[in-house]
Structures are given as C-alpha cells and as structure tokens.
Amino acid sequence: EALGGLVHAEASGPPPLDAERATSDVGELARALAMPHRLVSAALGSHAFAGTSTVETREAGTVVDVLSDTTAIEIDADGRFHAALANSKDYGREAFWTDGTLYLRPRWGKFHRRPANDADEPLQFRDEIFATLGAYFELVAAGSEISDKGAVQHAGRAARKVEIKLAPSARAAPPVTGRQRAWRADAVVKAVTGEIVLDAESGAPLAGSLDAVVAFNRDGRGLEMHLVVSHAISAIGQPHPIGAPPLGDTVATPTRLKEVEDRDLLLKGIAPPTRSTGAGAEVSDKPRVAPTD
C-alpha cells in the first residue's frame with residue numbers, strides 16, 4: 001500500500017469531458033451525448049427533460065416497421081424524480097423516486113412500491129430514459145462531421161451550438177462487440193443533419209435534433225433505417241415538486257434479493273434453486289434489463 005501504485009496500477013476512469021473540444025471533435029461530441037443522466041443532473045441540478053424519437057425501417061423502399069417514443073424526466077434539487085417512457089408499440093414504463101421509495105410500473109397498471117434493490121437502480125432508470133440521442137449519434141458518428149456554431153444561451157446557461165452534417169468520407173467505425181450488434185460493422189450513413197447545444201461548463205447535452213438515414217444488412221436482407229430524434233432540457237434550477245403517486249395507485253412489492261438470484265444463476269444445473277420458480281420453470285440467465293442494441 002505504501003508504494004502508491006508502483007506495484008498495482010491505480011484505477012483511472014475516462015478523462016473529464018472537454019466541452020470546447022466537443023464542438024469540433026466527433027469523438028468528444030459522442031462522449032458528450034452519451035453522458036448519463038446522473039452526471040447531467042449533478043452538473044445542472046433540478047431540471048426537466050423531454051425527448052421524442054422515431055425509427056422507420058424500409059426494405060426496397062417499402063416501410064416494414066415504425067417505432068416512435070416519447071420520454072420525460074423531472075428531477076428536483078434533492079434527486080427526487082419522475083421519469084416515463086411510452087412508445088407506439090403500446091410499451092412503456094414509469095417511475096417515481098422520492099423519500100427513499102421507488103414506484104415502478106409498466107405501461108398500464110399500478111405502481112409497484114418498494115425500496116430500490118441497490119443505490120444504482122434509480123440512477124440507471126434515469127440513464128436509460130435519457131440515452132436515446134447519444135445512442136443514435138453513436139450509430140452515425142463515423143459518417144458525420146461537425147462544426148462549431150458559436151456561443152448561445154439555453155435555459156439560462158452559457159452554451160455552445162454544434163452543427164452535424166454528412167462527412168465527405170466515412171471514418172472507420174469503432175469495433176463492434178456482440179452478435180446482436182454485428183450488423184453495425186458494415187452500416188453506411190447515407191444522410192445526417194442535426195444541431196446540438198452543449199452546456200459550456202460541463203458539456204452536458206442541453207438540446208439537440210438529429211435526422212439520419214443508415215443502410216445496413218441483417219439476416220441477408222438489405223434495409224434502410226430513418227432516425228429522427230429531438231432532445232431538450234428546460235427549467236434548469238427551477239423548483240420541481242416531486243410527490244409520490246396516490247396510495248390507491250400503488251401496491252407494495254417486496255425487494256428482490258439480488259444475492260439469491262445470483263446464487264441460483266451460478267449454481268444452475270448444479271444445485272436446486274433456493275426458492276420455487278414454478279412448475280417446470282428454470283432460473284433465467286438473461287439480465288433483468290435488456291441492453292440497448
């Protein structure tokens with residue numbers, strides 16, 4: 001311990017975001033747009049966020065699928081929040097976090113009222129609701145170029161505006177990991193336009209819009225995806241009273257024991273589960289939250 005890292009390398013995270021560099025460097029802009037909401041709220045304090053997105057998939061010029069969604073977050077200075085997602089496939093989820101209690105529900109029904117499974121659960125919920133703009137820009141970043149459009153004001157904050165447009169030639173995309181994301185390796189950005197407003201101090205994405213077309217192959221099919229995203233933070237530093245849902249709209253739900261779930265997963269097929277999962281049921285080895293692909 002007295003050697004101070006000479007034997008064991010000291011842990012180091014990514015370097016701090018450079019807001020100035022993010023106005024001219026695509027990689028740094030991608031880092032800014034991927035900033036998790038937990039860091040955004042730490043930088044900005046109380047605020048409201050609203051977003052919309054639409055993904056239209058075409059094959060040979062014919063629309064084969066359309067998915068649109070709306071997202072929203074309100075958070076106060078003490079970290080209490082209300083967040084929601086709803087999409088055109090009739091799926092959604094909503095959460096309140098207040099006074100140490102998490103209220104969760106799917107698109108319909110009552111809120112499940114319980115303590116968080118761990119300290120990260122409420123933060124992760126907000127991060128996922130907030131992540132659309134960053135996830136879509138990650139897909140088109142290799143085919144994009146950006147330019148600094150100067151200083152602006154947004155919701156009372158000093159900010160910088162960045163313009164996005166199609167690059168004359170695409171750069172090499174980052175390596176793709178995971179079979180579900182393999183189609184990204186050969187994806188071609190055919191069109192992209194957009195504007196981003198970054199907080200001048202923290203680099204947090206205060207506002208943005210993106211419109212892009214990406215061609216790709218999946219399972220032997222030639223497809224084209226049209227992405228449209230909008231993202232806006234408002235009411236920074238203003239009061240956002242966050243209360244719990246009415247008691248009649250909630251039901252008490254016991255906390256899930258992560259240690260028990262992990263034990264059953266690790267010993268699957270070796271030892272019987274510690275609790276019944278129903279007749280013929282098995283312990284799932286899938287994550288509780290599906291990763292974004």
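Modeller: Two strands are said to pair if DSSP finds at least two bridges between them. The model under discussion is a predicted one.

Biologist: What makes strand 1 and strand 11 a pair?

Modeller: Eleven bridges join strand 1 to strand 11 (residues 221–234), and the two run antiparallel. The rule asks for at least two bridges, so strand 1 and strand 11 qualify as paired. Within this pairing, T54 stands opposite V228 in strand 11.

Biologist: How do you know that strand 1 also pairs with strand 2?

Modeller: Strand 1 (residues 47–59) and strand 2 (residues 62–75) are linked by 13 bridges in the antiparallel sense, where at least two are required. The bridge partner of T52 in strand 2 is T70. Two residues lie between the strands of this hairpin, and A60 takes a positive phi near 55° there.

Biologist: Why are strand 7 and strand 12 called edge strands of the sheet?

Modeller: The open sheet has twelve strands in the order 7-8-9-10-11-1-2-3-4-5-6-12, with mixed pairing. Strand 7 (144–154) and strand 12 (250–252) each have a single partner strand, so one side of each is left without a neighbour in the sheet. From one strand to the next, the twist averages 15°. Strand 7 pairs with strand 8 (residues 157–166) over nine antiparallel bridges, and the bridge partner of A151 in strand 8 is R160.

Biologist: Which helix lies across strand 3, and at what angle does it run?

Modeller: Helix 3 (residues 121–130) runs at about 45° to strand 3. The strands it lies across include strand 1, strand 2, strand 10 (205–218) and strand 11.

Biologist: Why is the pair E121 and R114 called a salt bridge?

Modeller: The cut-off is a side-chain nitrogen of Lys or Arg within 4 Å of a carboxyl oxygen of Asp or Glu. The N to O value for E121 and R114 is 2.7 Å, so the pair meets the criterion.

Biologist: Are E121 and R114 buried or exposed?

Modeller: Buried means under 20% relative accessible area. E121 has 15% and therefore counts as buried, and R114, at 7%, is buried too. Elsewhere, salt bridges that share partners join R21, D25, E28 and R31 into one network.

Biologist: What makes R21 and E28 a salt bridge?

Modeller: Their closest N and O atoms are 3.8 Å apart, which is within the 4 Å cut-off. R21 is partly exposed, with a relative accessible area of 43%, whereas E28 is buried at 3%.

Biologist: What does the salt bridge between D99 and R80 tie together?

Modeller: The side chains of D99 and R80 meet at 3.9 Å, N to O. D99 lies in the loop between strand 4 (92–98) and strand 5 (101–106), and R80 in the loop between strand 2 and strand 3 (81–87), so the pair ties together parts that are 19 residues apart in sequence. D99 has a relative accessible area of 67%, so the residue is exposed, exposed meaning over 50%. R80 is partly exposed at 26%. By this rule the count comes to 24 salt bridges.

Biologist: Why is E195 called partly exposed?

Modeller: The relative accessible area of E195 is 38%. E195 is found in strand 9 (residues 188–199). Leaving aside neighbours within four places in sequence, E195 is in contact with K161, V162, A207, G208 and S209.

Key: Residues are numbered from 1 along each chain as its sequence is written. This is a predicted model: local features need pLDDT of at least 70, side-chain atom pairs count only at pLDDT 80 or more; totals for chains, interfaces and linings use all residues. Side-chain values use heavy atoms; hydrogens and water are left out. Helices (H or I, at least four residues) and strands (E, at least two) are DSSP runs, numbered from the N terminus. Buried means under 20% relative accessible area, exposed over 50%, partly exposed in between (1.4 Å probe, protein chains only). Contact means heavy atoms within 4.5 Å. Axes are lines fitted to C-alpha atoms, for helices over the stretch in contact, and angles run from 0 to 180 degrees between N-to-C directions.
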